[in-house]
Amino acid sequence: MLNIVNLSARVAGKNILNGINLDVGAGEVHAIMGPNGSGKSTLAQVLAGREDYEVTGGEVRFEGRDLLALKPEERARAGFFLGFQYPVEIPGVNNVYLLKAALNAKRRAAGEPEVDAYEFLALIKQKMKFMEMSETFLTRAVNEGFSGGEKKRNEILQMLVLEPKLAVLDETDSGLDIDALKIVARGVNSLRDPKRAVILVTHYQRLLDYIEPDRVHVLSGGRILKSGDKSLALELEKRGYDWVRESLVA
Amino acid sequence: MASKSQDVEALLGQKYRHGFVTDIESDSLPPGLDESVVAAISLKKREPEFLLAWRLKAFRHWQTMREPNWAHVHYKPIDYQDISYYSAPRAPANAPKSLEEVDPKLLATYAKLGIPLHERARLAGVAVDAVFDSVSVATTFKDKLAKAGVIFCSFSEAVHNHPALIERYLGTVVPAGDNFFAALNSAVFSDGSFVYVPPGVRCPMELSTYFRINAAKTGQFERTLIVAAEGASVSYLEGCTAPMRDENQLHAAVVELVALDDAQIKYSTVQNWYPGDENGIGGIYNFVTKRGECRGRNAKISWTQVETGSAITWKYPSCVLKGENSVGEFYSVAVANHYQQADTGTKMIHIGRNTRSTIVSKGISAGHAENTYRGLVKILPSAEGARNFTQCDSLLMGGQCAAHTFPYMEVRNPSATVEHEASTSKIGEDQLFYCLQRGISAEDAVNMIVSGFCKVVFKELPMEFAVEAQNLLCVSLEGAVG
C-alpha cells in the first residue's frame, strides 16, 4: 500500500529525514515511535504534502502512485488521511459543514454522487454516537473552544466519515485520559480492514495496549533504527530509546 | 508548490463582472464647477427656491474648504474642474412615469446587473430604486408601499411631492458644510433616494437602491435621506457597480438617517464599485459620508456594510446617539485586493443616557492592498451609563498587503463602559493545510475560512444580500493566498 524508499526531507534548511525506508501493506497497523525531534511528525507532514517541508531525496509510492507528485488535496482524495497532532481551530466554519465538504470532494473525485444534507446528518450522527460525542458538536465551529481530548476525538470522527485507505495518526493519543484513549482506540480499530492500513505515530506504548500493531519502528535522527513486532514497544517502554541507540553502536 | 502560486495569480486576476458600458445617449453638463453649474443642476430639476439657496450656501462653503488628507490613502490630486456634475440618460419625454416608459437599454443594464427591477422584484419582495449616473430611473412597488403609508421615491420626486419633509430633515444629520466631500455633494447632488416611514409603521418589505455610474468622466453625487418616525421600522439595502474605465471616477455620496422615538433603521450596503485593474489603474474613488441620528428614546440604527469594490474607500458610517437608551451598531466587512485602499470605520457619538453601541469590523487585505480601520467612540458627559463594545479583526492574505487599526476613544463620563478588542492574523497556513488535507480545494478552503471570519457580519445582512455578499467575497478573493 505504502512504500517509502530512502526518503529525505528538510525544514527551514535543516535536514530532518535522512533516508527513511518503510513498507506498509494493506491490512497492517504500524507504530512509529521515537524520542522528541526524531522526525516522526515531519514524516507525517511530508506524506501529507505540507508545503514548508522540502523533499530532498527518495520516493514514496501509495498504491503504486507517486504520492509526492500529488497536491495535498489530491492525496486526501486518493485515500490518505492525516490525524493532526495539533488540530487547528477555524472560527466561524461549522464542523459538519467542513466535514461534508471534505466527504463530497472525495466522492466527486471518485466519480460518486455527493451526499445531501440529510444523508450526511444521519451518517455523522451515527459516527458521533460511536465516538461518544455530544450533539452540541454539530453546531460548533471546527475545533473552536474544543478541549485537547475533544480535538483528537474529532480527528478520529473525521477519519471514520472519510474512510481513508491509509491513515497516519500523529500523536493522537497525547493529551487523552484513559477513557478518551479507549474511545479513540475503538474508533481506529473499527476501521481495521484487510484493505486499509494505519500508521500510529506515538511516544507511548500505552496506545498500543488498545490498538495492537503488526510492526513497530523506532525512528531516531531521521532514520528508522530498529523494527520489530509489538514486543519491541514493550521493550522500549522498559529500557528507553537510548537502549536502541546503544545496541546499534555495540 | 509552484503550481499553486500560479493558480493564485490566475484567480487574483479575476475580472470585474460589472464592467460593461451601456451605450445610451445622455444629457450631460460639460465638465467644470462654479455657481452657474450648481444653479443649472437645480434648474434642470426644477427645484424650489429653498433648495437652490441651500446648494449655493454649501458651494460657497465648499470653496473655503480643503480636501482632507488625514486618511491613510494615497491618490493624485483630483481636478474638480475636470468632472461633469450632471449626466442623465436622455429620455424622449421627461421623467418616466412607469417601468414601461423606461429606456429598454437601461432595463437591460439592470438585468445584466441582476437587479430585480421587473417581475423579479415582486418575486423577491424587494422594492428597488435604481440610480443610473445622476438620475433615479425607476422605483418599483410604489403602490404597495403607498398603502402602508411609506414614501419611497427618488430624491427629485420627493423634492416635488414632499418638499416640507425634505426641508425639515435635509442636512440635519450631515450639515451642508460637514466636511469637504459632504459640502461638494450638498452643492451638486443630482438624485438619490428618499424614504419616510410614518409613526407606528413597519415597512412591509425590504427597500433597496442600486447605484450605477455609466457615463465617463462623471462624478456621482447622490443623496439618501431616510426618516423613521415614532415606532416605525425599516430595512434598507444599497448596492453599487460601475463600468471599467482607466480614469478614476469620483463618487461622493451623503446618506442621512433619522430615527425618532422607538424607531429602527437597518441600513445595509454591498459596495462593489469598480476597484481598478490589477495594476491599480482606474477605479472609483468612494468618498462617502453616512450618518444616522437616533433622535428619539429607544431608537436604533444599525449599519451593515460589505465593501469589496472601489479603488479608494473613505467612509465612516456613524451613529449620533442622542435619545436615551438609543442603540447604534456597525458591522463591517472591508475587502481590499490588488492596489485597493480602504480607510473605513465608524463613529459612535454617545450623547443620551444609557446609550449603547456595538462595532464589529472585519478587514481583509490581499495583494498590495492597504486596509485601515478608523473608529471613534465618543462618550459625552451627558451620556450617563453609556456602553460600547468594539471588535476589530484583520485578516492578511499574502505578504505584500497591510492592515492598520486606528481606534480613537474619548470618554468624558466616568460611568461609561468602553471595551475594545483587536486582532490581526495571516490567513492561517495551518487552517488552509488542514482543509487541503481533508480533500477540500484551495479555493473552497479560502472561501470557507474567509466566510467563517466574516460570519458575524454576514448574519446581520438580510438573507438575499447575505448570499450576494458571500459570492462577491469569493470573486474578490478566490485563491488570494500566497
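This is a predicted model: local features need pLDDT of at least 70, side-chain atom pairs count only at pLDDT 80 or more; totals for chains, interfaces and linings use all residues.
Reader: Why does E132(A) count as partly exposed?
Author: E132(A) has 13 C-beta neighbours inside 10 Å. A residue is buried if 20 or more other C-beta atoms lie within 10 Å of its own, exposed if 12 or fewer, and partly exposed in between; C-beta atoms are placed from the backbone. The count of 13 falls in between, so E132(A) is partly exposed. Its phi is positive, about 55°, although E132(A) is not a glycine.

Reader: Why is D262(B) called buried?
Author: D262(B) has 21 C-beta neighbours inside 10 Å. The cut-off is 20 or more, so D262(B) is buried. D262(B) is in the loop between β11 (254-259) and β12 (264-271) of chain B. Its phi is also positive, near 60°, and D262(B) is not a glycine.

Reader: Why does Y408(B) count as exposed?
Author: Y408(B) has 11 C-beta neighbours inside 10 Å. The limit is 12 or fewer, so Y408(B) is exposed. Y408(B) belongs to strand β22 (residues 402-411) of chain B.

Reader: Which residues does Y408(B) contact, leaving aside neighbours within four places in sequence?
Author: They are G375(B) and L376(B). Two residues are in contact if their C-beta atoms, placed from the backbone, lie within 7 Å. Y408(B) and G375(B) are 33 residues apart in sequence, yet 5.9 Å apart from C-alpha to C-alpha.

Reader: What makes a set of residues a nonpolar core?
Author: Its members are buried Ala, Val, Leu, Ile, Met, Phe, Trp, Tyr and Cys residues, joined through C-beta atoms within 7 Å. In soluble globular proteins, nonpolar side chains tend to be buried together. The largest core here has 186 residues, and V195(B), A228(B), V234(B), A259(B) and I449(B) touch the most other members. Helix α11 (residues 442-458) of chain B gives the largest share, 10 residues. Beyond four places in sequence, V234(B) touches residues including V195(B), C203(B), L207(B) and A228(B).

Reader: How many residues of chain B are there, and what share counts as buried?
Author: Chain B has 482 residues, and 56% count as buried. Chain B holds 12 helices and 23 strands. Among its contacts between residues at least 6 apart in sequence, 83% join residues at least 24 apart.

Reader: What confidence does chain B get?
Author: Its mean pLDDT is 81, and 76% of its residues reach 70 or more. pLDDT is the predictor's confidence in each residue, from 0 to 100. Residues 1-13 of chain B stay under 50, with 19 contacts in the model beyond four places in sequence. Residues 91-96 of chain B are also below 50, with five contacts beyond near neighbours in sequence. For the complex, the predictor gives an ipTM of 0.95 and a pTM of 0.77.

Reader: What makes β4(A) and β5(A) a pair?
Author: Two strands pair if DSSP finds at least two bridges between them. Strand β4 (residues 53-62) and β5 of chain A share two bridges, so they pair, in the antiparallel sense. R61(A) stands opposite D66(A) in β5(A).

Reader: Why is β5(A) called an edge strand?
Author: The open sheet runs β2-β1-β4-β5 in chain A, with antiparallel pairing. The strands β2 (14-24) and β5 (65-66) of chain A each pair on one side only.

Reader: How do the pairings run in the six-stranded open sheet of chain A, and which strands pair by five bridges?
Author: Its pairing is mixed, in the order β6-β9-β10-β3-β11-β12. Strands β9 (residues 166-170) and β10 (residues 197-202) of chain A are joined by five bridges and run parallel. L166(A) stands opposite A197(A) in β10(A).

How values were computed
Residues are numbered from 1 along each chain as its sequence is written. Chains are lettered from A and ligands numbered from 1 in the order in which they are written. Helices (H or I, at least four residues) and strands (E, at least two) are DSSP runs, numbered from the N terminus.
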